[in-house]
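Notebook open; today I'm looking up charged side chains and who they pair with.

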Amino acid sequence: MMLFGKISQQLCGLKKLPWSCDCRYFWGWLNAVFNKVDYERIRDVGPDRAASEWLLRCGAMVRYHGQERWQKDYNHLPTGPLDKYKIQAIDATDSCIMSIGFDYMGNYPVLLMGNGGALQ
């Protein structure tokens, strides 16, 4: 994480060059990349698994039906049958989820918590 922080500081330092963009634009672009919907992934692993991957990648937490603990770590997503883990709630506090990624959620409701005022 420290390496990424140094690289981002160097990229932000390039904003004085005529061809570069400002730092805020860079982070907006990076968030948009993380939120891009991968329809093939949804088709391959199902909407709940794909949505879980998207949410955790963007810094949110997910809770599944029948479980009390929140899933926070992308690398520790539960394995097993794809239809076993259904999303019950999402804590999007301080995450970078954007509305362009909502196609991951499909047409079913979930409880969304967090600072939704910052949602883009």
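I started with K86, which is partly exposed at 37% relative accessibility (buried is under 20% relative accessible area, exposed over 50%, partly exposed in between, with a 1.4 Å probe and protein chains only). This is a predicted model, where local features need pLDDT of at least 70, side-chain atom pairs count only at pLDDT 80 or more, and totals for chains, interfaces and linings use all residues. Numbering runs from 1 along each chain as its sequence is written, and side-chain values use heavy atoms, leaving out hydrogens and water.

Next I checked the partner of K86: a salt bridge goes to D48, with the closest N and O atoms 3.5 Å apart (a side-chain nitrogen of Lys or Arg within 4 Å of a carboxyl oxygen of Asp or Glu). K86 sits in the loop between β1 (61-64) and β2, D48 in helix α4, 38 residues apart (helices are DSSP runs of H or I, at least four residues, and strands are runs of E, at least two, numbered from the N terminus). D48 is buried at 5%.

I then searched the whole structure and got three salt bridges. R41 and E53 meet at 2.6 Å, N to O; R41 is in helix α3 (residues 39-45) and E53 in helix α4 (residues 47-57), so this pair ties together parts twelve residues apart in sequence. E53 also meets R49 at 2.9 Å, about one helical turn away in α4. I noted R41, R49 and E53 as a salt-bridge network.

Which side chain does D91 contact? I found T93, through a polar contact of 2.6 Å (N or O atoms within 3.5 Å, one able to donate a hydrogen and the other to accept it within protein; residues adjacent in sequence count only if both atoms are side-chain atoms).
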